[in-house]
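I opened the model to look up a few contacts. My notes follow in the order I made them.

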Amino acid sequence: MKKMTTGLIIGLIGLLVFAANGWCFGRKTVIKIGINAPITGDIPKVGEGTKYAARMWLEDIEKAGGLTVGDTKYPVEVVIEDNESKAESAVKANTKMITEDEVLFIVGPQSSKQAIPAGAVANNYETPMITPWSTNPDSTKDRPFVFRGCFLDPFQGPVLANFITEEFKFTKAAVLYDVASDYPKGLAEFFKKAWENLHGPDSVVAFESFTTKDADFSSQLSKIIKSDAQVLFTPQYYNEVALIVQQANELGWKGPIVGSDSWGSAETVSLCGENCYGQFFSTHYAAAGAQGATKDFIDRYQAKHGYVPDDVAALTWDSLRLAQRAIEDTGKITGKIKKDRKAVRDAMARIKNFEGITGNMTFTEEGDPVKCAVIVRISDKGEYEFYKSVCPN
Amino acid sequence: MDFKGESAKNMVNKKASQRKGRGVKAWLARVFGRIPLIGWLMGSLGAVLIEYFLGDALSYYLGLPKIPVLFGSSIILKKPALIPGALAYLLLVYALPVSLIAKSMTRPANRLARLLASRPVSLATLIHLGLFYLILHLWAEISDYRLLVLKLTMIAVMLTLSINVINGYMGEFSCSHPGFMALGAYGASITTLLLCVDDKLMGPALLPAAAGPWLFPLALIVGGIVASLGALVIAIPSFRTRGDYLAIISLAFLFIVKSLIENLEFAGGPRGMSGQPDYAGLPTVFIVMVLCVWTINNFVRSTMGKALCAVRDNELAAEAMTVNTRKTKIVTFMFAAFWAGVAGGLFAHVLRYVNPGSFGVQRLAEILAMLYFGGLNSVTGSIVGAVSFNLLSEALRPLELYKWIIIPLLFILVMLYRPTGLIAFTEFKPRELMRPKE
């Protein structure tokens, strides 16, 4: 018994001495950026793009020896948390990053179902957050600390309706969308409204829906074909786009199929193949034929990870650069995290005409950017070609 | 002899215990076996008080960036250089104070336990619970992240317990629990949004804001009742079908609820509802959880509970022995669904956002995992299962993808070595738990 006690005490003292990294006291001021990304769960590809973009950004900062604010260089740390593509996990991740890691700024979450509750957390703790990809108005509404990196659906719907009208002179459209998923449903409704404003009531001749994870769309597509619609609009994600386009062609659909920014993933073409060539969609940036900073980003990303970055990666990159600009604009980091967060938030709201790789941005009072949409044509080689740029008036 | 898997530190103890001819377990039993529950609670209280007042200074001295939030898990997994510091912190703040205080308080604690044992059991329970709440409160005071994890864990406890009533005690394989939870979440959310706050879905508040927190229990009950009514849809088919077929029906119910909510425009459709008032604080969640444990524990130990077990083992024989199987099934389904609904209501008000996507098959898998991990037919098992699953999945968060390899692996191991789960087929007896040990 005695020996054991002695052993325990010696062990304890040893542990304490060994533990004293504490001999080099002091906690340095480090700028921490939190990334809230869906690394596991339903959309791991989105999480991967986010993570890679964040790592590339960190590389740049480290090459420069840190982030220069005022006259001082501060080391930067990126904290990446997995939100498992779940709402409660995104809330936990945000709470953890804000209270435990004491991040200065949060980038993410990407999907609206996580960005809405996570944005509430960020706003409560007065921590600036930017969601690069969430298109739901609720994410930033009445939340001064929450920003957004992309345009919203109420803008994208009319852009597409106008584009189709001008380009093809069509008057009858059909819509096929997922009723159980928030983004396609919202966008389908905005498109319908815009189209009917242009061509009168009942000009959307078929408004067909399905449920997430459906794989057979033949009944909806037959109805659409029978309805003598001239164009099919389907704001779906890459895996469904491939199925819809293929099945439509098999059933004898001849008209164009138009999509939205959810088509922007690199997977769309690899899954869909030649069926998708020649189709149009609206998105945040076009990879093929890009120039300047956009091209640099794409080339670097492709060299490192072996594929052309999709819009999530590009938007995340822009969001990180926006964060960087806002932090630099504050002119001073005090080390008092609450004060710094407020300063960064104010600097963020002041940013005017930020030159991002997905276009120029200025924030509205809601924290949403005013920026242009790009219409992309899928070329005969399967590349995303720039076709047209549409800016808000 | 039970040395397998013990740490190196315990190897020092080996000699001492070998001399007495017994294992580490026996040594632990000899040293700590006489401490009653209240002694442990006192020890834990001491530990959290130490953390509350000295934690910051101590973590500073040990070179840690902050107080390790979940027993140092993220520090250990992310920054290996700080492992000694984190271990020292755990030892100094948790392990040593708890064991020393508990040990030194053995005698007074036993005296107190004897005193309490001679009083009504409710008084003793209240004192224990009060002490337990105090510990949790002080522990959560350190960080809001802890608070959130704690609240969600308590909600998971309620869910696991309530599904145990159906899947464990009644022996039906029901997959509809996320559906009940969704009904409760939406029921409670609509009530509070309608009555207590101004928002764009439900319009201006009907009642003054001050009444809100007092009405919150009512909103939870509304959520529970909505879920119980939904449970009738499962309970009635369960008269005729059992086993796999009922599982299919209940799974169908889950999908029906999900698509129903997705198509309800006034409840936000697939976009979900946000802006629930912040009523679900730690005390509220704790009290509701305690009520849940209490009623479910009493329910399964009552005559009704015995009838449940009879239905599980042989429905025909139970019927022959005058058990009213129909009534038993209806009551059980509604009762379990009620608590799942209440848990859903709390969940909605902790996150302050609900969307139908949260109540899918993934949630079902989570609930079932907690249930079978902890063990069927056991209140303690459900609590242990829910708490360990939640803490584990939070502690392993830094591992990202590997987390979903490690946790399932752990489940497979548990199922191999303890096929019925960690603690199955045991009764939870508070009186036993609180008795003096001397």
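I started at S134(A) and listed its neighbours, leaving out residues up to four places away in sequence. S134(A) touches Q110(A), S111(A), S112(A), A115(A), S139(A), R148(A) and C150(A); contact here means heavy atoms within 4.5 Å. S134(A) sits in the loop between β6 (129-131) and β7 (146-148) of chain A. Strands (E, at least two residues) and helices (H or I, at least four) are DSSP runs, numbered from the N terminus. Is S134(A) buried or exposed? I read 1% relative accessibility, so S134(A) counts as buried. The scale is under 20% relative accessible area for buried, over 50% for exposed, and partly exposed in between (1.4 Å probe, protein chains only). Its side chain makes a polar contact with the side chain of S112(A) at 3.1 Å. That term covers a pair of N or O atoms within 3.5 Å; within protein, one must be able to donate a hydrogen and the other to accept it, and residues adjacent in sequence count only if both atoms are side-chain atoms.

A note on the source: this is a predicted model, where local features need pLDDT of at least 70, side-chain atom pairs count only at pLDDT 80 or more, and totals for chains, interfaces and linings use all residues. Residues are numbered from 1 along each chain as its sequence is written, chains are lettered from A and ligands numbered from 1 in the order written, and side-chain values use heavy atoms, without hydrogens and water.

Next I checked where chain B meets chain A. I found 57 residues of chain B in contact with 50 residues of chain A. About 4,700 Å² is buried between the two chains, and carbon and sulfur atoms give 56% of that. Buried area is the accessible area (1.4 Å probe) that two parts lose on being put together, summed over both. I counted 10 salt bridges between chain B and chain A; the rule asks for a side-chain nitrogen of Lys or Arg within 4 Å of a carboxyl oxygen of Asp or Glu. Helix α5 (residues 83-104) of chain B gives the largest share of the side that touches chain A, with seven residues.

Then I went through individual pairs. K403(B) and E84(A) form a salt bridge, with the closest N and O atoms 3.1 Å apart. K403(B) lies in helix α18 (residues 403-417) of chain B and E84(A) in the loop between β4 (76-82) and α3 (87-99) of chain A, so the pair joins two chains. K403(B) is buried at 3% relative accessibility, and E84(A) is buried at 6%. R363(B) pairs with E88(A) at 3.0 Å. This pair also crosses between chains, from helix α16 (residues 361-374) of chain B to helix α3 of chain A. Both R363(B) and E88(A) are buried. R397(B) meets E81(A) at 3.6 Å, N to O. These two belong to a salt-bridge network that also links K92(A), K96(A), D101(A), K78(B) and E394(B).

Last, I looked inside chain B. The assignment, automatic or from a database, gives domain 1 (12-119) and domain 2 (144-434). R146(B) forms a salt bridge with E51(B) at 3.0 Å.
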